[in-house]
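Hi everyone, thanks for coming. Let me put the structure up, and then we can walk through it together.

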Amino acid sequence: WSSHDFSWTKELEVNNKKVFGNHSFRPNQREVINATMSGCDVFVLMPTGGGKSLTYQLPALICHGITLVISPLVSLIQDQIMHLLQANIPAAYLSANMEWTEQQEILRELTSDYCKYKLLYVTPEKVVKSDNLLRHLENLHFRELLARIVIDEAHCVSQWGHDFRPDYQGLGILKQKFPNTPVLALTATATASVKEDVVQALGLVNCVVFRQSFNRPNLWYSVVPKTKKCLEDIDKFIRENHFDECGIIYCLSRMDCEKVAGNLQECGHKCAFYHGSMDPSQRSFVQNQWSKDEINIICATVAFGMGINKPDVRFVIHHSLPKSIEGYHQECGRAGRDGQRSSCVLYYSYSDYIRVKHMISQGSIEQSPMASGYNRSNMINPGSILETNTENLMRMVSYCENDVDCRRLLQLVHFGEKFNSSTCHKTCDNCLKITNFIEKDVTEIAKQLVELVKLTGQRFSSSHILEVYRGSFSQMVKKNRHETVSLHAAGKHLAKGEASRILHHLVVEDILVEEVKKSDFYGSVSSILKVNELKVCNLFAGHKIILRFPSSVK
Ligand code: ADP
Ligand code: ZN
């Protein structure tokens with residue numbers, strides 16, 4: 001797909017320069033464009049800031065007809081339309097909270113012979129809930145004017161994704177109605193299971209997949225213990241490393257945002273807060289101040305950041321534990337879009353884990369706006385959603401408690417990517433810290449964990465297996481009578497986090513497989529561990545598992 005010999009190559013190059021003002025293409029942009037223009041269904045995983053928009057806006061410009069773009073947020077859509085109109089590309093959007101007459105006008109334009117729009121943006125609700133829109137699309141399709149369907153933020157389709165949005169699941173109807181219209185699905189965050197979910201739900205056929213490394217070499221990662229002096233620590237960190245530079249501080253609750261912002265203001269930082277209970281005008285006021293560099297620092301919940309295109313964010317601080325590794329990676333990804341060195345610091349305490357867990361179970365945690373609609377839905381079984389969320393949170397905890405492995409490696413493994421930690425070049429706290437490490441043979445522990453997965457019937461999640469191995473008597477353990485299993489508490493002598501590292505290693509090595517389980521009628525999901533018999537024999541045939549530990553640990 002990277003070839004230059006397509007009939008549209010010249011036109012691409014010219015318009016990329018002339019209309020979009022780019023001198024060249026970024027990695028995978030040309031390839032994605034060639035694949036979608038050849039008529040294939042395409043799935044694109046590209047990190048935030050990688051340049052996904054161009055991969056459909058440029059084809060939209062040079063293809064005959066209209067490109068339909070489904071995007072989760074009106075504010076994102078408005079931002080895109082503004083940019084398109086600035087570049088003289090005619091585009092429009094339809095959303096439920098628009099004046100009826102305005103909607104009618106746009107729909108009327110769609111039926112005209114000389115429809116001026118090159119792109120039409122809609123929210124997923126519009127597709128799923130408006131027959132009127134579907135009829136207009138059918139009409140466009142009939143007149144061979146429906147060029148392409150783009151699903152932006154496609155991970156919202158999946159309950160595995162951290163922004164699950166029920167209406168996205170209904171988008172499969174598009175492929176059913178328009179089987180020959182190419183679909184382009186785009187996302188910045190997707191694990192292998194999310195990708196499978198998306199491809200299936202959208203009904204993509206023989207889809208071409210582009211995935212780019214999620215490693216962001218210019219971001220420096222660290223996890224710092226969170227103490228009572230956390231606010232002083234943050235002030236000091238910014239003063240010493242990023243004074244007068246731009247940054248985001250992610251906080252757990254609305255109150256935290258206001259508290260942290262107030263404190264930093266007192267310390268003399270140009271700082272404001274941003275969260276979901278502010279009214280829209282307040283929010284856009286803050287966002288505006290920030291875009292114009294009138295304030296440097298925003299203390300925000302995850303409600304902030306979607307569609308934020310500020311290239312020079314020099315630091316992202318997490319004042320509390322994020323709720324998943326995917327979410328964490330994406331939030332950090334808002335730093336350093338210009339490629340310059342930027343810091344990502346996470347303040348971790350175990351008590352925050354308890355707090356987040358409680359908030360998740362109460363449904364009181366603020367969602368990223370993409371996931372809105374999530375709580376309103378009665379389609380999902382809240383029990384298993386809770387399980388998925390708790391599992392995601394547990395992984396975040398073990399990320400924080402891991403003080404040995406490269407942070408990049410730990411994140412990338414989560415996205416199914418292999419990463420050689422020597423290429424981190426000491427840009428994370430763990431790689432920086434570990435100059436002396438010893439290698440320890442953990443094969444026996446690994447065998448026990450595999451055995452335990454088998455003993456409990458290959459029906460349980462990794463966090464459950466770890467609980468049993470460490471000797472927990474939790475409700476879940478007792479309910480399944482796992483305190484009576486012979487390996488219950490066999491790992492209680494191990495240092496905290498050690499068993500979980502070994503278990504994760506087994507998953508990375510494909511000896512244990514994490515299987516997505518669609519458990520019931522509602523299609524809810526959870527993950528269970530199974531033993532990969534093909535690989536497990538290596539373990540018992542003398543293949544050793546060696547992990548590195550800081551040299552102080554015996
Ligand atoms: P994503 O949606 O993947 O996060 P965007 O499409 O918003 O990324 O693009 C991020 C930024 O990169 C935008 O400011 C865009 O103008 C710029 N950009 C995209 N493609 C190119 C390119 N080929 N050359 C230079 N800049 C580009
Ligand atoms: Zn590292």
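The protein's secondary structure amounts to 23 helices and 17 strands; helices (H or I, at least four residues) and strands (E, at least two) are DSSP runs, numbered from the N terminus. Please keep in mind that this is a predicted model, where local features need pLDDT of at least 70, side-chain atom pairs count only at pLDDT 80 or more, and totals for chains, interfaces and linings use all residues. On labels, residues are numbered from 1 along each chain as its sequence is written, while chains are lettered from A and ligands numbered from 1 in the order in which they are written.

Of the 554 residues, 42% count as buried, and buried is when 20 or more other C-beta atoms, placed from the backbone, lie within 10 Å of a residue's own. Two residues are in contact if their C-beta atoms, placed from the backbone, lie within 7 Å. Among contacts between residues at least 6 apart in sequence, 77% join residues at least 24 apart.

Now, the sheet. Seven strands make an open, parallel sheet, and the order is E3-E4-E2-E5-E6-E1-E7; strands pair if DSSP finds at least two bridges between them. At the edges are E3 (91-94) and E7 (208-211), each with a single partner strand, so one side of each has no neighbour in the sheet. On average, neighbouring strands here are turned by 15 degrees against each other, direction ignored; axes are lines fitted to C-alpha atoms, for helices over the stretch in contact, and angles run from 0 to 180 degrees between N-to-C directions.

Take one pair: E2 (residues 66-70) and E5 (residues 146-151) are joined in parallel by five bridges, and Ile-70 has Ile-151 in E5 as its bridge partner.

What packs on this sheet? Helix H4 (residues 74-86) does, touching E3 and E4 (119-122), with its direction at about 160 degrees to that of E3. Helix H10 (residues 192-202) packs on the sheet too, touching E1 (42-45), E5 and E6 (183-187), at about 150 degrees to the direction of E6.

On to ligand 1: 14 residues surround it, the closest being Asn-22, Gly-50, Gly-51, Lys-52 and Ser-53, where near means a C-beta atom, placed from the backbone, within 6 Å.

Finally, confidence. Mean pLDDT, the predictor's confidence in each residue from 0 to 100, is 87, and 92% of residues reach 70 or more. Over residues 372-381 pLDDT stays under 50. Where pLDDT is low, the predicted coordinates should not be read in detail. The model scores ipTM 0.98 and pTM 0.70.

Note on methods. A residue is buried if 20 or more other C-beta atoms lie within 10 Å of its own, exposed if 12 or fewer, and partly exposed in between; C-beta atoms are placed from the backbone.
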